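Dear colleague,

I am handing over the structure we spoke about, and below it I have set down what was found, going slowly through one part after another. Please keep it open beside you while you read.

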Amino acid sequence: MSGLRDVFVAFHSACKCPVSLWREDAAGIACLAHDGDVTPDVPPPGVRAATATEWKSRGGDARLVAPVEGVSGTWLVVGPHKGARAQLDAFIELLTPVVRQSMSATKELEQAARELAERYEEINLLYTINEILGRTVALDEAAQIILRELLDTVGARRGALLVHDIAGAQLVAVATAGIDDRELPPIPLDDPRSVAGRVFTSHQALIAGRDKPGSESEGPVRRGEMLAVPILWTAPGGGDQPPLGVVVLSDRKARTPFSAGDQKLVTAVATQIGTAIQNARLVRDSLLQERLQHEMALAHDLQMKMLPDPSIVAPIAEVGARVAPAEDVGGDFYNLFRLGPNRSGAMVGDVSSHGYRAALIMALAMSAATIHAPRTADPGEVLQLMFAALDEELERTEMYLSVFYGVVDRRAQTLRWANAGHPHAFIVDEDGEAERLPALDPPLGMGETFPRSKTRPWGSGKHLLLLFTDGISDARDRKDRRFGEEMVLELVRKHRKRAVDEIVDEVFGAVAKHVGRVPSRDDRTLLILRS
Amino acid sequence: MSFTIAKSGEVTLVEVEGQLIVGNRQELKQRVLDELDHGERHFLIDFARTGYIDSSGLGVLVSLSKKIRELGGELRLANLNDDLRTLFELTKLDTLFQIADTRERALESF
């Protein structure tokens, strides 16, 4: 009111008439502006009338108290002045428009200041939310704090942050304020009376009036008018995504309705919440993935430890063997058995498919082989006993197992072998001739089967038993060309005089060169035995 | 890679184009099982345009063969190229399936 004071001072100086402005409200009457240093007398209630009323001063000079038109509870006082009433009326007429305009400007200024304060409050809220979301991945806790801040800013007593439960086709509260969590049951999306449900389906914010009935399920959070806003988010690739949930606010402290500004603010906050929910989900999935990878790495180590060290058959036999799973764990395996002073057994198996289910079958097969091979002389019988142990699991998982098992007797100079569907089993002789040891039976798990055995001569120290899985022969380069069975045989022929583990290195090295950076799609296993 | 399903009398003809491998075996299985659900019982899978079958592809063929047999039906295979024929022989799977050289011969034998 300093501007008005200047006007009053100038008026007093020019017209030799004091002037003051008064306002009465619930707290009492107060002087808003006057022209001097000393606060003038308070106009008594009797003169604060609806029309201009004279008020005699102690000296007898007249004063006129006139209400300011258009500004209720406000009076302009002119005088004491020696002039006539008409003179005072003229002063009032002169001053009233100035006072009204000044007060209107002051009111607009106050309104602007209030709105600015509200914006500051909203900006503060957004900063607060950013801080909360930036320092936590515990969404439940963050959601609770954000909801409370939001309620304070908007001036509501009740609210809930509802998240979409896809499996249950419902909205579930992850944070509530003003009510007990247990009071708010899940809100079915197909409930036609649910405000939150409608907002979720339409992707549009909504202010449901007091007269609009709500659903029974969202009753605990609803008191009078309800503001509901969808929690939207945009995927990196864009596109229309279903909302992640809905924010609902109700029970407004001021009895004024929710405004478009409130809706805009809650929408902005809901978008941030949406991003936070997505981030929290990504972090959770990432942690889960990390844990899974760690566990798979442990499973890989465990699986590799199940494979026997080739030295267990030394000095009866010299063995080079390697398994390289396509994933962390796989379904290929080899096994070795020392069966007395002159006999050694070698087994290679390939479970159809790969990954952890194949790895489970592999582990069962390894266990069964380890139990039965030392107790049973005949390889076919060993495979039968393995099949009996695995049958149920193979049936259940719709997998099968191709497996070769051969027993070399270096004293008798024989190889007795059984082959259930394993395509890559050979003997390579001292001249480099390779003879296939064909499957005598289908793989285990492909129906009723009773694997048989066969015996052939063995050249002690001269022959190599060569076993590998199709992950080796089917290894593809970037032009999808196979490495091929013949290439394996050629490498083994070429290096047949060398130590068996060196031959294994040569083959794996050639396969690696062939495939380059093309990822392996099957497990690769190679075993070479000399006895 | 794709599968084509057609009818020849009472026989459901399935053509496999490209490869039958771990990545598409479930699709083949589901499509054949759908036909089984619709009452079809005689199936012929034609591999004339198939270059490669991996071990999981072989597994799905065995699984389908079992299911079809359980429901009183029959699964036959035709037109395996030399490599695939060798694969079936090397693994002794040729003893578990009825395999014909051509589609016509396979159809005649139903």
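The contact between the two chains, in what is a predicted model, takes 15 residues from chain B and 18 residues from chain A. On the side of chain B that touches chain A, the elements that give two or more residues are helix 2 and helix 3 (82-90) of chain B, and helix 2 of chain B gives the most, with 6 residues. Sorted by class, that side of chain B has 7 nonpolar, 6 polar and 2 charged residues.

Before you read much into this, please look at the confidence values. For the complex, the predictor gives an ipTM of 0.77 and a pTM of 0.60. Chain B averages a pLDDT of 90, and 99% of its residues score at least 70. Among the elements of chain B, strand 3 (residues 42-46) has the highest mean pLDDT, 96, whereas helix 2 (residues 55-70) has the lowest, 87.

Turning to chain A, its secondary structure comes to 10 helices and 21 strands, and buried residues make up 39% of its 531 residues. If you take the contacts in chain A between residues at least 6 apart in sequence, 61% of them join residues at least 24 apart.

How do helix 6 and helix 7 of chain A pack? Helix 6 (residues 356-372) and helix 7 (residues 379-397) of chain A pack at an angle of about 160°, with their axes 9 Å apart. Angles over 145 degrees count as roughly antiparallel, and these two helices of chain A are therefore roughly antiparallel to each other. Helix 6 of chain A passes helix 7 of chain A in a right-handed crossing. The residues that make the contact include A:I361, A:L364 and A:A368 of helix 6 and A:L385, A:A389 and A:L390 of helix 7, and by class this contact has 11 nonpolar, 2 polar and 2 charged residues.

Helix 4 (residues 195-202) of chain A also deserves a look, with A:V195, A:A196, A:G197, A:V199 and A:F200 buried. The buried residues of helix 4 of chain A pack against several strands of chain A, among them strand 6 (156-165), strand 7 (170-177) and strand 11 (245-252). Helix 4 of chain A is followed by A:H203, whose phi is positive, near 65°.

With best wishes

How values were computed: Residues are numbered from 1 along each chain as its sequence is written. Chains are lettered from A and ligands numbered from 1 in the order in which they are written. This is a predicted model: local features need pLDDT of at least 70, side-chain atom pairs count only at pLDDT 80 or more; totals for chains, interfaces and linings use all residues. pLDDT is the predictor's confidence in each residue, from 0 to 100. Helices (H or I, at least four residues) and strands (E, at least two) are DSSP runs, numbered from the N terminus. Two residues are in contact if their C-beta atoms, placed from the backbone, lie within 7 Å. Ala, Val, Leu, Ile, Met, Phe, Trp, Tyr, Cys and Pro count as nonpolar, Asp, Glu, Lys and Arg as charged, and the others, Gly among them, as polar. Axes are lines fitted to C-alpha atoms, for helices over the stretch in contact, and angles run from 0 to 180 degrees between N-to-C directions. Angles under 35 degrees count as roughly parallel, over 145 as roughly antiparallel, 65 to 115 as roughly perpendicular and the rest as oblique. A crossing is left-handed if the near helix is turned anticlockwise from the far one by less than a right angle, and right-handed if clockwise. A residue is buried if 20 or more other C-beta atoms lie within 10 Å of its own, exposed if 12 or fewer, and partly exposed in between; C-beta atoms are placed from the backbone.
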